[in-house]
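Work through the exercises below with the model open. Try each task before reading its solution.

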Amino acid sequence: MKSSPLPEVRAAAKLPATVSSCLQVLNGLVMVGEGIMIGTGSFVHLAINIIIATLSFIASLQFLPERFGLLGVTMGLGIFTFCRLIGVLAHQMYHGPLAIRSPTPSPRSESGMTDARTT
C-alpha cells in the first residue's frame, strides 16, 4: 500500500526519504558511540555534544527548508547526525577513557629500574 494516492506527494517525498534512509547508517554509528559514552560515564561530553548538534540543527532549520523544502528539513537532520558523529568520534579517538594515547614512559624505566612484569 502506498502512503499517498497523489503522484505529486510521492514524487516530492522520494528524495528526502532516500536521504533519510541513508542517514540511518550514520545514525547507527552515533547510537553505538553514544552508548559507549554512557557506559564510560562521559555524561558531560555527551551533553555538550548533543547541545552543539541541537543548536546546529535549529540554525539549519532557519534557512534550509525555505530554500529546499522538505529536503531542507532532511538536510537539517543530516547536519544534526553529522555533528553528533563528529562529537562521538572526537570522544572515542581523543578525549574519552578508551582513546588510544601514546604510552608515556614510567618513572621507573627512566631511572634504570626494570618493571617486574617485563622480565
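Contact here means heavy atoms within 4.5 Å. The model is predicted.

**Exercise 1. Contacts along the chain**

Find what share of the contacts with a separation of 6 or more comes from residues 24 or more positions apart.

Solution. Take the contacts in the protein chain with a separation of 6 or more. Residues 24 or more positions apart account for 62% of them.

**Exercise 2. Elements and burial**

List the elements of the protein chain in order, then state how much of the chain is buried.

Solution. Count the elements: there are five helices and zero strands. Read from the N terminus: the order is α-α-α-α-α. Now turn to burial. The protein chain has 119 residues, and 25% of them count as buried.

**Exercise 3. Confidence**

Decide which element has the lowest mean pLDDT and which the highest.

Solution. Then go element by element. Helix α5 (residues 107-110) has the lowest mean, 56. Helix α2 (residues 43-60) has the highest, 96.

**Exercise 4. A helix pair**

Classify the packing of α1 and α4: are they roughly parallel or roughly antiparallel?

Solution. Locate helix α1 at residues 7-39 and helix α4 at residues 70-95. Their axes come within 9 Å. The crossing angle is roughly 20°. Angles under 35 degrees count as roughly parallel, so α1 and α4 are roughly parallel to each other. Their crossing is left-handed. Finally, sort the residues of this contact by class: 17 are nonpolar, eight polar and two charged.

Methods
Residues numbered from 1 in each chain as written. Predicted model: local features only at pLDDT ≥ 70, side-chain atom pairs only at ≥ 80, totals over all residues. Heavy atoms only, no water. Axes fitted to C-alpha atoms, helices over the stretch in contact; angles between N-to-C directions. Helix = DSSP H or I, 4+ residues; strand = E, 2+ residues; numbered from the N terminus. Parallel < 35°, antiparallel > 145°, perpendicular 65-115°, else oblique. Left-handed = near helix turned anticlockwise from the far one by under 90°. Nonpolar A, V, L, I, M, F, W, Y, C, P; charged D, E, K, R; others polar. pLDDT = per-residue confidence, 0-100. Buried < 20%, exposed > 50% of the residue type's maximum accessible area, 1.4 Å probe, protein only.
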